[in-house]
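User: Please take a close look at the aromatic rings in this model, covering both their contacts with charged groups and their pairing with one another.

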Amino acid sequence: MEGGKEAPKSHARRDKLLEIEKAVQKKWEDGKVFEAEAPQEKPKEGEKFFGNFPYPYMNGYLHLGHGFTISKLEFAAAYHRLIGKKVLFPFGFHCTGMPIKACADKLSREVAQFGNPPVFPKHEEESVTADKAQAAAAEKVQQEAEKAEPAKFKSKKSKAAAKTGPAKYQWEIMQSLDMEDAEIAKFQDPYHWLEVFPAVAVEHLKAFGLGVDWRRSFITTDMNPFYDSFVRWHLQLLKNKGKVEKATRYAIYSPFDGQPCADHDRASGEGVQPQDYTLIKMEVKAPFTGKLEALAGKRVFLAAATLRPETMYGQTNAWVLPDGQYGAYEVNETDVFIVTYRAALNLAYQRKSKISEKPSCLVELTGHDLIGLPLKSPLTSYDTIYALPMLTILTDKGTGIVTSVPSDSPDDYMAMKDLKSKPALRQKFNVKDEWVMPFEIIPIINIPDFGDVAAEKVCIDLKIQSQNDKDKLAEAKRQTYLKGFTDGVMLVGEHKGRKVSDAKPLIRKMLEMEGMAVPYSEPEKKVMSRSGDECVVALTDQWYLLYGEEEWRTLTEGCLKGMELYNDEARNGFEHTLGWLNQWACSRSFGLGTRVPWDPQFLIESLSDSTIYMAFYTVAHLLQGGDMYGKSSGAVRPEDMTHAVWDYVFQEGPVPETKIPVEVLQKMRTEFEYWYPFDLRVSGKDLIQNHLTFCLYNHTAMFPKDLWPKGFRCNGHLLLNSEKMSKSTGNFLTILSSIELFSADATRFALADAGDAMDDANFVFETANSAILRLTKEIAWMEQVIGAELALRSGPATSFADRVFENEMNIAIEETQKNYSNYMFRDALKTGFYDLQAARDEYRLACGSAGMHKDLIWRFMDVQTRLITPICPHYAEHVWTELFKKEGYAVTAGWPTVTRDRDMILQRANKYLQDVIKTFRNILQKQSAPKKVKQGKGTPPPPAALPTTALIYVAERYSGWQEECLKILQRHYISATKSFSPDSEIIATLKSSELGQQSDFKAIQKQCMPFIKFKKDETLDVGEHALDLTLPFGEIDALEENAEFITSQLLLEKVKVYSYSDADARALAGAQQTQLNQKPPTPGNPVAAFLSTAEAGLAGLRLA
């Protein structure tokens, strides 16, 4: 609400929840309800719960994607707190690395270039178009939020939602966060970000209702001296254990930042690794002509990057892109490589440039300048091959120069075939016949099923017509490349007869040792740093964590095996990552963070200071005194936290010599030993490939097995209204803006409903709007109940409806606890709220004029409130305190107990009753519908008299051929596998049964087979009881006990229930008896005759 104005009337429900939330949050804070203290004794099994979340990066406001993942841990922690466990849910803030520094530097550059405040040049037209598209998307978000339906609200437009978009400048991005220019200028200092955004995040998360022990919060970097000390101790201990070493390795590298660019330093390309190639040196033969004359006296090479050096024996030519941009770059004093600029830049950072880290171009060239160059290439049997045109070369991979091996490459085979068979194509690019026509395929590898020239065979098999048939060529490569590597056998060279997989590394080594090739690497895909430059692969000297080392990996695999991951896809992701993850660069030259303790010229990179900080949570409050920056003075000073002290706390080390009071030392160790290991870490699935796997590695190195992580739960990304959430499109919400639009509890409700799998979840505005309505209406209804405004009965609660309602509550309690325990919160919302509401509404209908039972309704209110508490705690707390007038807190009220074991037979009887009513209602509607008469076929008949009486007929046992079929199916049902014997065996048994011996068996079989199929399907759907000859409850009793309810639901005056076996009762149906006999009832499927008043009277006379 703005300016103190009264909220519009349509805001009332939402504002009511916001008012409740504010009061409840103050109550929690005053009561310190989420602060956790460890007892002196170690915990018993199941006594405590310690959950945590990868601390978010502090370069902006937390968005709803953060909120979705956080909600999974919040719901889990709230559930464990509710059932009586000691719960630790801490929350920290990540500030290490380049992102904040890069943003601060961008602001400084913008101020230097455009002034303070900066005056930017006007956007180009296309930017204006993009802004309009973004604005339209943001407006769509707003419209979704403001759909005016009864009792729903119309919210003001969130400023954050209104101002998101494809801002070109960092200053504009800051303005989109509702910051004034004077404040934005302060963010040129990277440490100002650390002072602002963590504190704002705390306020937003408190408004969300997060049950966090905020005393334990901290920020990273040397701005927090305690955490800084902890990280230095951690890395030093890893080095002491032999897990860190300095080496020269390829790494993704930002030329602008002048240092490696790890995953969290990237604007795009997270998870991308260096791709290693062999760079084949194809020497250009003298004399040089054209533009190459300027290179006289140099050794000039077309440098082709290949992943298949073993195929170089089969070269017939080289390929260049005619319109491609190339250059002749100096490698050293004598050698020149002709490649694209992109490749030259990578080479310059791999010590393959005359000028380090700077490509030195002697001549700029195009592909046309290269066509026809005579080349001497390694290993091929041709003395001279030529550079030829290929139109499908990509210059954003490799060097733009491609070797041609038509025996084994489908692309090369088709391109060469095109040139040979199309004189016009040769003429177009001035290709001479002698450069093409004499060169035949060289068989070099035998591949089972494909022979000695695999490319030719697969292209013929797939009927590929030209080099432009991309899809079929991709399929050809899929069929041959992997099989060639695993099963192929060399036909030529010194490794003739060896498998390709064995020969490949030997051939690569030989090429490099004899100077015919050099190693080369580049990013697998495009990577952009947060500073805005495209990354390269550089050969760097730095410190590495030795992930992938055999013994360490074995330990980590053992840790993973013992963990609960809740999802097979997650386990597969971890196993895959452990399979490829190798040494990880853990040091950087620039950014924010902690210095490498033994080599302070370097900083510890952002994914390497973030692997065991969960342990720091256990003692942070004792060190920092509740100050996330670690600046408050207390019993412990930062300089007191020596490695010996950290060893004592976390490594069971000896008591250190220290100024820290003994009781504080002991308390720190007690806290750690009580809370560790952590029970659950909730994260987005994108962190499996780095942070989460690093976490496992570091825990196995630092701690004994009993302190290793117990569980990870990973989720997908969050969609908004089925569309990707994106600032650039305007389809975006921060946590705060969602609270402003919907309230915290309605936001939490919709997040719980969004989904729990690793697929992308969907936050639906309609669900959040519906939650506002449901929660406020439920409060109003309970106020009516408590205010005695509803007529409730007392006495024994023994009616069928009473028993069913009590049973449904017991089922809800058990099923919801199971769902919460498995962290399936959408299912918990269904069983603990939606299903329970439906049961209450059904109970209200079933009770009719008699009214609902007071004790059951009070129990319902109590049960429902407790079951929804983890998801909507403000609502629950308000009900608990203000409506129930109970002491204490709803969030610690305890899980409701069942009054008796769930009665599945009673539940089945109730489902039977509801199905019967639904079936009969449909029949009545069809009978009451006016009869249609075809045009020109006369007038419709007068409507039949409305039915007032229902005669319901029940068959309580299968008999005859149906009984025999069921007995056969019972014999052929396999309980262990929940399946049936093959149909052939079932049919054979049927033929050998008494039915099979009857003379009219063929006619009987026509009845039996559909029935058998139906019962098989039903059994697979509902269970083995579908094969029972009778229902486990009396159908007649169930229907007679609920006759009044059935009567009211069918809008009749009277309902009578009979056994179908009673001939006198069947006679009461009068003219409808024939129809009853044609479709008689079966167990679970009664039939009815609906009689008018006159027909009922006649039946009454007969009965009399």
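Analyst: The charged end of Arg-249 sits over the ring of Tyr-544, at 5.8 Å from the ring centre, and that of Arg-1066 is placed likewise over Tyr-1060, 5.0 Å from the centre; a charge counts as sitting over a ring if NZ of Lys or CZ of Arg is within 6 Å of the ring centre and within 35 degrees of the ring normal. The model is predicted, so local features need pLDDT of at least 70 and side-chain atom pairs count only at pLDDT 80 or more, whereas totals for chains, interfaces and linings use all residues. Residues are numbered from 1 along each chain as its sequence is written, and side-chain values use heavy atoms, with hydrogens and water left out.

Turning to ring pairs, the structure holds 74 aromatic pairs, where rings of Phe, Tyr and Trp (its six-membered ring) pair if their centres lie within 6.5 Å, and planes under 30 degrees apart count as stacked, over 60 as edge-to-face and the rest as tilted. One of them joins Tyr-227 and Phe-616 edge-to-face, with 5.3 Å centre to centre and 80° between the planes. Because Tyr-227 lies in helix 9 (residues 225–240) and Phe-616 in helix 19 (residues 613–624), this pair ties together parts that are 389 residues apart in sequence; helices are DSSP runs of H or I with at least four residues, numbered from the N terminus. Tyr-227 is buried, with a relative accessible area of 0%, and Phe-616 is buried with a value of 0%, buried meaning under 20% relative accessible area with a 1.4 Å probe and protein chains only. Tyr-820 and Phe-825 form a tilted pair, 6.2 Å centre to centre with 50° between the planes, and both residues are buried.

Methods:
Helix = DSSP H or I, 4+ residues; strand = E, 2+ residues; numbered from the N terminus. Buried < 20%, exposed > 50% of the residue type's maximum accessible area, 1.4 Å probe, protein only.
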